[in-house]
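Here is my note on this model, as numbered points for someone who has not seen it before. Please read it with the structure open.

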Amino acid sequence: MLKTNEICLHYGSSQILYNISIEAMIGEITCLMGSNGVGKTSLLKVLSGNHPSSSGNYILNEKDVTNFEAHMLASRGVGYVPPVSYTHLRAHETVLDLVC
């Protein structure tokens with residue numbers, strides 16, 4: 001189970017996330033959706049330990065992991081893989097790269 005309680009995030013003096021509370025249960029599919037610029041990636045970076053939240057807490061499998069660093073969360077199966085652009089490759093190179 002993954003649960004957040006009122007997560008807030010600031011980049012400098014700019015607040016990016018406002019009191020985000022979500023719950024993702026084991027065995028269920030949970031989807032994070034939204035328009036560009038609403039904070040989806042920022043939330044994923046908080047959840048993976050790549051950026052500390054400003055406030056709120058984060059529970060993973062009934063353990064408070066709010067202040068865990070990325071390597072500590074990775075050992076528990078949580079990570080963030082940034083998107084990769086394949087625009088420089090031709091179609092067959094992209095398929096080969098994704099399959100191999």
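1. Asn 61 is partly exposed, with a relative accessible area of 48%. On the scale used here, buried means under 20% relative accessible area, exposed means over 50%, and partly exposed lies in between (1.4 Å probe, protein chains only). Asn 61 sits in the loop between β4 and β5, and its phi is near 50 degrees, a positive value in a residue other than glycine.

2. The model is a predicted one: local features need pLDDT of at least 70, side-chain atom pairs count only at pLDDT 80 or more, and totals for chains, interfaces and linings use all residues. Residues are numbered from 1 along each chain as its sequence is written, and side-chain values use heavy atoms, with hydrogens and water left out.

3. Asn 61 belongs to the turn of a hairpin that β4 and β5 form with two residues between them. Helices (H or I, at least four residues) and strands (E, at least two) are DSSP runs, numbered from the N terminus. Two strands pair if DSSP finds at least two bridges between them. Strand β5 covers residues 63–64 and is joined to β4 by two bridges, the two running antiparallel. Ile 59 has Asp 64 in β5 as its bridge partner.

4. β1 pairs with several strands. Five bridges join β1 to β4, and the two run antiparallel; here Thr 4 stands opposite Tyr 58 in β4. Strand β2 (residues 14–20) is joined to β1 by four bridges, again antiparallel, with Ile 20 in β2 as the partner of Ile 7. Two bridges join β1 to β3, also antiparallel, and Leu 2 is partnered by Ala 24 in β3.

5. β1 and β2 form a hairpin with two residues between them, and Gly 12 in its turn has a positive phi of about 65 degrees. Asn 19 is found in strand β2. Its phi is near 50 degrees, a positive value in a residue other than glycine. Asn 19 is partly exposed, at 46% relative accessible area.

6. Which residues have the most contacts inside the largest nonpolar core? They are Leu 2, Leu 17, Tyr 58, Leu 60, Val 65 and Leu 73, in a core of 14 residues. β1 (2–11), α1 (40–47) and β4 (55–60) are the elements that give two or more residues to this core. A nonpolar core is a set of buried Ala, Val, Leu, Ile, Met, Phe, Trp, Tyr and Cys residues joined through side-chain atoms within 4.5 Å. Leaving aside neighbours within four places in sequence, Leu 73 is in contact (heavy atoms within 4.5 Å) with residues including Leu 47, Tyr 58, Leu 60, Val 65, Phe 68 and Val 78.

7. Gly 39 lies in the loop between β3 (23–24) and α1. Gly 39 counts as buried because its relative accessibility is 12%. Gly 39 and Leu 17 are 22 residues apart in sequence, and their C-alpha atoms are 6.4 Å apart in space.

8. What lines the largest pocket? The lining consists of Leu 2, Ile 22, Ala 24, Thr 30, Cys 31, Leu 32, Leu 43, Leu 44 and Leu 47. α1 gives the most to this lining, with three residues.

Technical notes:
On a 1 Å grid over the protein atoms alone, a cavity is a set of points where a 1.4 Å probe fits but cannot get out, and a pocket is an open set with protein on both sides within 12 Å along at least five of seven lines; lining residues have an atom within 4 Å of a point.
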